[in-house]
Amino acid sequence: MIKLKAVDSKPYWPPRIVPPKGAPNVLLIMTDDCGFGAPSTFGGVIPTPALDRIAKSGLRYKQFHSTALCSPTRAALITGRNHHVAGYGVVGEAATGYPGYDSVIKKECGTIGEILKENGYATSWFGKNHNTPFYQSSQAGTFDQWPVGMGFEYFYGFIGGDTSQWTPNLFRNTTAIYPFAGQEGKWNLTTAMADDAIHYMKQLSEIAPDKPFFVYYVPGGTHSPHHPTPEWIKKVSDLHLFDEGWNKVREKIFANQKQLGIMPPSARLTPWPKDLPEWESLDWESKKLFIKQADVYGAYLAYTDHEIGRVIQAVEDMGKLDNTLIIYISGDNGASAEGMLNGTPNEFTTFNGVAVPVKDQFLWYEFWGSDKTFPHYAAGWAWAMSTPFQWVKQVASHRGGTAQGVAMSWPGHINDVGGIRHQFHHVIDIVPTILEATGIAAPDTIDGIKQRPIEGVSMAYTWDKANANAPTKHNTQYFEMLRNRAIYQDGWLAATTPVTIPWELSTKPPPDVIDGYKWELYNLKEDVTEANNLAATMPDKLKQMQDIFYTEAKKHNVLPLDNSTLARFLTARPSSTAGRKTFEYSGELTGVPAACAPNILAKDFIIEAQVEIPEGGAEGMIVTEGGRFGGYGLFLSKGIEGIGRGHVVFMHNLLDLKRTAWEGPELKAGKHTIVFQFKYDGPGFGKGGTGELFVDGNSVAKKTLEHMTPVMFPEDEDFDIGQDTRSGVAAIEYRYDVPFKFTGKITKLRFDLGPAQYTAAEHNAAAERVAREKD
């Protein structure tokens, strides 16, 4: 009631939004690229005491499933809808212009962050964000597809599929931060992230002790690069967990699983694939390297779990553990075979189609896991970490790609402490579980937008001991990823047989997406490991399951099925760089992701820099993309032993395998124009070319490059002008310390790009997709 005078008026405060009485805090944890058989909690040889702690104080789920790939699983996890419905039928790097594959989380698929925030929760996201479209990941936004635009009030983490844990592309909300600067080998994101989460929860508890939190905690471990600290490498190496090799380790994991009750006594271990070498067939040199790779991986998982344990302990120390629902998902997909047959000291060799021989990897042996490597283990370890199942990450047709161990605890509400649950569940079931626990109904609208129904089912019915053997409430679930597909219904699973091998580099055209695939059939009630294929003896049942798959595919935006791989990655997307051939800049600009920067790969290009040099000369980075593990840089040399200060240098770093430098003269005080011109020997990826460096119109260096970087520079590095924000592109020669700020003035920087020079097959694949998407 408002009158002329305040004394005669009655004030009114808008009501505060608070959660239902007794609503718990929620700590949702998920690790990365962790196979079902890796953690000790599910039979693995790698100690995971934090996961053990949650399992012992709550429940273990042994038939829980992901989508087989990271960003699709994450989109399904936070929305409660299937990954195609949410827009993530594949990783964002391969997004295409179809509703199920465009890497945009639909507004009608509001996230659990948005729902809980609107109901009075403090919402936060720590760690990996692989759900922001790459073309929206720059300082230009838009930010509605960043965590802060999807209902998470606070974000501390990185954007993309992976990042160095030593020098990550780290953000606080939407601002890039560099807390690792000047702390080489001393700072690690895995620990820093736990520190930040603990600080956030403690601060909230002290300022607003009655306000519940929702913490979404998703570390980079154990996705490559495997970056534990040296202390953890020593601790795990001293245990000699992997000395007997992957075949023996796999047998040991399977025995542990039976002993723990994770696998029934009748379960059969699936056969070792003919495409992977048996351990005893390897030479001594390979065994030595592969043990080192596994030791570092094991250290990374143990280290990641330890830091998760610190976060859980902090919740207890604040006195909030008894009213906190903790869900700990071990992995967003199966173990990764992306290290190829031999593993690699630099994961980006895989993404560029370059296999590194065993003998060459010993150059990095002593530094494996340090900031001097971006390592991944050999594919044999991935198969072992997926025990007892067939296949690995990317393969959605089989449980080796989709089975994840899950532990869940909520004191006083889960009354079968230490129990094991066999019910079939999927990552889309987490949102409805949280909503039931909090007493919050799924909203009909968010911000006025009608919401699509949540597609998962709550797992809360499994919490009561009386329901330990209750039938699953998740009766039907489709799977599709990179053309591999499967359908689950009422204990039966039909699956396509993979036609490509995840650890092999294949240029063969794929078969027809429908007729080129065989199907398998399994009765999971009797054959939980998928060891007995019934397709030949039960063709009618198989046909029934296939029909169900295509019905589900139509319902959930899975169509059209796409059998291409390269064409997906070549797809033109609506980025700020699309169609541009000329880019101009001035001054300093840092932290621009590759998707929003000029792409110089597989084409002719010219870089022109107009600079002003002060009296006494200058040094520093003019422009760079990439870093230690691949990229390029145009800079004025620092001046170290044997190399003068202020010399013009253009350097190409081929995946930390070979560096080529063009060197010009020292620049004196005044204005100068530097031009680097490259003529590419296409068509095709990874061809060579001729580069020529000009200073003030004069040619000062001309060299032939045997191979340009084929496909991509490291995705966790940036395009920087005027300094280098992460790791340096140079090594011994021309080495410098980041940020290596340019001490002159950049008045103009211009890129002129020629057309991409694909082979006829590459060009046709890309053109075919463009034509289809215009229809």
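Predicted model: local features only at pLDDT ≥ 70, side-chain atom pairs only at ≥ 80, totals over all residues.
Residues are numbered from 1 along each chain as its sequence is written. Local features need pLDDT of at least 70, side-chain atom pairs count only at pLDDT 80 or more, and totals for chains, interfaces and linings use all residues, while side-chain values use heavy atoms, without hydrogens and water.

**Exercise 1.** Find out which residues of helix H12 are buried.

*Solution.* Start with the term: buried means under 20% relative accessible area (1.4 Å probe, protein chains only). Next, go along H12: Ile430, Val431, Pro432, Thr433, Ile434, Leu435, Ala437 and Thr438 are buried. Eight of the nine residues (430–438) are buried, so H12 is largely enclosed by the rest of the structure.

**Exercise 2.** Work out how the axes of helices H4 and H7 cross.

*Solution.* Let's take the axes, lines fitted to C-alpha atoms over the stretch in contact. Those of H4 (residues 189–207) and H7 (residues 284–317) come within 9 Å and cross at roughly 10 degrees. Angles under 35 degrees count as roughly parallel, which makes H4 roughly parallel to H7. Now look at the contact (heavy atoms within 4.5 Å): among its residues are Ala194 and Ile198 of H4 and Tyr303 and Val311 of H7.

**Exercise 3.** Determine which strands stand at the edges of the six-stranded open sheet.

*Solution.* First, write the order, S19-S28-S21-S22-S23-S24, with antiparallel pairing. Strands pair if DSSP finds at least two bridges between them. S19 (589–592) and S24 (658–666) each have a single partner strand, so they stand at the edges.

Technical notes. Buried < 20%, exposed > 50% of the residue type's maximum accessible area, 1.4 Å probe, protein only. Helix = DSSP H or I, 4+ residues; strand = E, 2+ residues; numbered from the N terminus. Axes fitted to C-alpha atoms, helices over the stretch in contact; angles between N-to-C directions. Parallel < 35°, antiparallel > 145°, perpendicular 65-115°, else oblique.
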